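Here is a short briefing for a first look. Keep the structure open while you read.

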Amino acid sequence: MLGFRYSPAIAVGKLLRIALRLRGGGSALPGLVTEFFAPNLLSKVLGQLPRGVILVTGTNGKTTTTKILVELLSAHGLTVISNPSGSNYSRGILSALLGSVDMRGRLDADIAVLEIDEAHAVSFVRVIQPKVSLLLNVMRDQMDRYGEMDRTTQMLHKVAVATRDVLVVNFADPRLGSADFLRDVTARVSGFGISDRLRHLYAVDDELTSEVDEAPAAEAASPATVLEEVGTTSVVSFGGRTHEFQLPLDGFYNQVNGVAAVAACRAVLGDSFEPKRGLAALPSIVPAFGRGETLVVDGEEVQLVLVKNPGGFRVVMAAFEHSNVSTMIALNDNDADGRDVSWIWDVDFSPLGEGVDVVTGTRAHDLRLRLNYDEIPCSVVEPNPARALREFLARNPGERKRIYCTYTAMLAVRRILRLEALGEVA
Amino acid sequence: MTAERVTVLNLYPGHMNVYGDRGNMLTLRRRLEWRGYEVDAVDHHPGDVLPDSPDIVVGGGGQDAAQALVQPDLLEHGARLREWAESGTPMLMVCGLFQLFGHHTYTVAGSALPGLGILDVTTDAGGGRLVGNTVTVSEEFGPLIGFENHAGRTRLGPGVNPLGKVPRGQGNNGTDGLEGAHYKNVIGTYLHGPVLPKNPRLADHLIQVAVDRRFGPTELAPLDDSAVDDARASALARRR
């Protein structure tokens with residue numbers, strides 16, 4: 001028991017959290033301040049959880065997969081705490097937990113499912129050993145921050161080695177699925193993957209640069225949880241049986257995220273996993289914040305799609321219909337987006353061949369130049385997101401609208417849309 | 001009349017392209033096509049045979065491990081590449097291949113990795129990556145706008161000129177204020193962005209040299225670069 005030792009720090013953090021909420025919007029500041037007064041509070045709080053900590057990391061899909069996993073576990077009667085997207089550093093996690101802990105640092109929960117940034121996961125696992133880790137994929141992302149994909153792989157390897165009970169890992173990813181990656185893992189390894197039939201739908205990053213060059217082959221044993229079919233009703237197999245499920249999120253990649261969450265849920269619950277009960281939770285899942293969510297503004301349906309890197313951009317474009325849809329793209333180069341916008345040259349924009357209505361963001365002009373070189377028409381260039389949105393909403397009334405945005409651009413666009421929104425759907 | 005054909009050789013696009021350098025190839029292709037040329041883009045992967053006499057050669061940056069992986073193949077073709085460079089073939093080598101066009105660079109383990117020595121430069125490991133928006137001022141091409149991101153520290157020997165000076169950014173090594181290298185028509189640089197889309201003067205220089213060599217003195221038709229000017233201005237306005 002923690003007793004009252006941490007009460008002052010918790011009180012300060014809770015007060016700050018309430019104050020900042022009243023001002024509008026969340027912040028990592030309460031966590032930062034609390035951490036300053038009580039540096040080991042996070043590990044103490046999380047250490048009490050009877051079913052421990054489940055860590056979700058990888059380049060793409062963390063937020064959506066975490067959300068699905070929380071639903072699967074909740075369907076089994078567990079009280080689950082999680083961190084909202086974007087707050088995946090320790091101070092952000094602590095900020096989120098401050099809402100749920102009492103003054104003695106007690107948490108009324110069975111288990112924590114935390115999405116953690118790849119680079120930060122390495123220092124996180126030094127303090128808190130995850131019972132189960134779920135490793136999604138390694139793609140090129142913000143190279144100015146991490147340097148290289150090989151480095152990201154090394155970071156995830158440290159997470160794999162630090163995991164206590166079960167390592168749930170994507171065997172369809174050429175880096176994570178290799179025998180070399182799994183070499184000194186002491187936890188039990190449970191793979192998830194996709195059937196050979198669906199393999200052509202799964203984009204690995206190595207194929208981005210060249211059609212000739214083959215990705216390193218995944219050498220690991222066959223995965224225990226496999227996506228067999230995709231559609232309105234998809235099929236997953238495990239334990240020698242197939243199970244149908246409905247996960248109403250656009251895109252093949254989200255069906256893979258669903259199967260990753262099922263694999264992690266099985267790892268956590270073992271024999272007490274009930275397929276019917278778990279999979280019944282999937283049809284009511286709605287897109288996570290900015291990850292394909294739809295807002296209604298002035299009667300216009302606007303879908304927000306977060307794009308962080310070339311691989312992610314490519315898979316979301318492949319997942320969507322593009323005819324009769326108006327398109328806007330918002331590209332920022334702030335720290336959280338990655339300062340280097342070179343990556344847009346690794347995206348093949350030809351799926352948007354009919355044209356892009358508006359480009360915006362700090363690097364709107366780079367986008368326009370990029371589209372020029374793919375010979376894709378672009379109607380409006382407006383770096384200011386508020387003015388760009390006004391133009392975009394006024395064009396093609398009644399037509400579905402989709403906005404691809406980098407992280408900070410998504411936050412800005414969403415804030416403006418929510419101010420103007422009559423209500424939200426989905 | 002059939003269109004005149006220009007061959008552009010792309011070195012190791014599978015291994016040496018982590019920072020959007022694919023855009024350099026695309027820029028050359030479009031700027032040639034928009035002027036009525038037909039483009040033969042030849043990708044060279046380890047183990048492939050080199051084409052006979054390419055008009056332009058480009059190469060990009062890769063991860064450290066990839067650099068070591070392509071190096072044996074590069075050295076195997078060293079004699080031909082040197083012959084092309086000496087005879088004036090225009091070449092653009094960015095980041096990793098810029099290093100490998102020098103005398104040596106280094107491996108992940110820290111040992112020296114021999115290069116072609118076409119450019120009189122050497123690269124050694126340095127502490128910390130040099131990262132950020134950058135401007136290189138070249139006498140020949142004006143201000144070149146890009147983004148740098150490299151750990152290697154490159155120094156020029158007497159047999160090579162710098163591409164330019166760096167009023168903003170770290171350049172080859174963060175100390176001497178120089179960026180890139182220029183020898184005959186071979187240009188080495190750390191500029192990503194990628195470099196050619198936002199610096200069409202440099203792109204057109206490579207094209208001009210290539211078509212003059214292939215077809216005799218040629219006047220290149222001007223292109224509408226208004227999108228370029230806006231992109232350059234907005235990149236310049238961003239903090240480093």
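Helix α7 of chain B spans residues 226-236. Its buried residues are A227(B), V228(B), A231(B), R232(B), S234(B) and A235(B). Buried means that 20 or more other C-beta atoms, placed from the backbone, lie within 10 Å of the residue's own. This is a predicted model: local features need pLDDT of at least 70, side-chain atom pairs count only at pLDDT 80 or more, and totals for chains, interfaces and linings use all residues. Residues are numbered from 1 along each chain as its sequence is written, with chains lettered from A and ligands numbered from 1 in the order in which they are written.

**Around helix α7(B)**
- The buried residues of α7(B) pack against α12 (364-373) of chain A.
- In chain B they pack against β8 (130-138), β9, α5 (195-198) and α6 (200-215).
- Contact means C-beta atoms, placed from the backbone, within 7 Å.
- Helices (H or I, at least four residues) and strands (E, at least two) are DSSP runs, numbered from the N terminus.

**The four-stranded sheet**
- This open sheet of chain B runs β9-β8-β11-β12, with antiparallel pairing.
- Its edge strands are β9 (142-150) and β12 (178-179) of chain B.
- Strands pair if DSSP finds at least two bridges between them.
- β11(B), residues 164-168, pairs with β12(B) over two bridges.
- K165(B) stands opposite L178(B) in β12(B).

**The six-stranded sheet**
- This open sheet of chain B has the order β2-β1-β3-β4-β14-β13 and mixed pairing.
- β2 (38-44) and β13 (181-183) of chain B have a single partner strand each, so one side of each lacks a neighbour in the sheet.
- β3(B) and β4(B) pair in the parallel sense over three bridges.
- V58(B) has L92(B) in β4(B) as its bridge partner.

Key. Buried ≥ 20, exposed ≤ 12 C-beta atoms within 10 Å, placed from the backbone. Contact = placed C-beta atoms within 7 Å.
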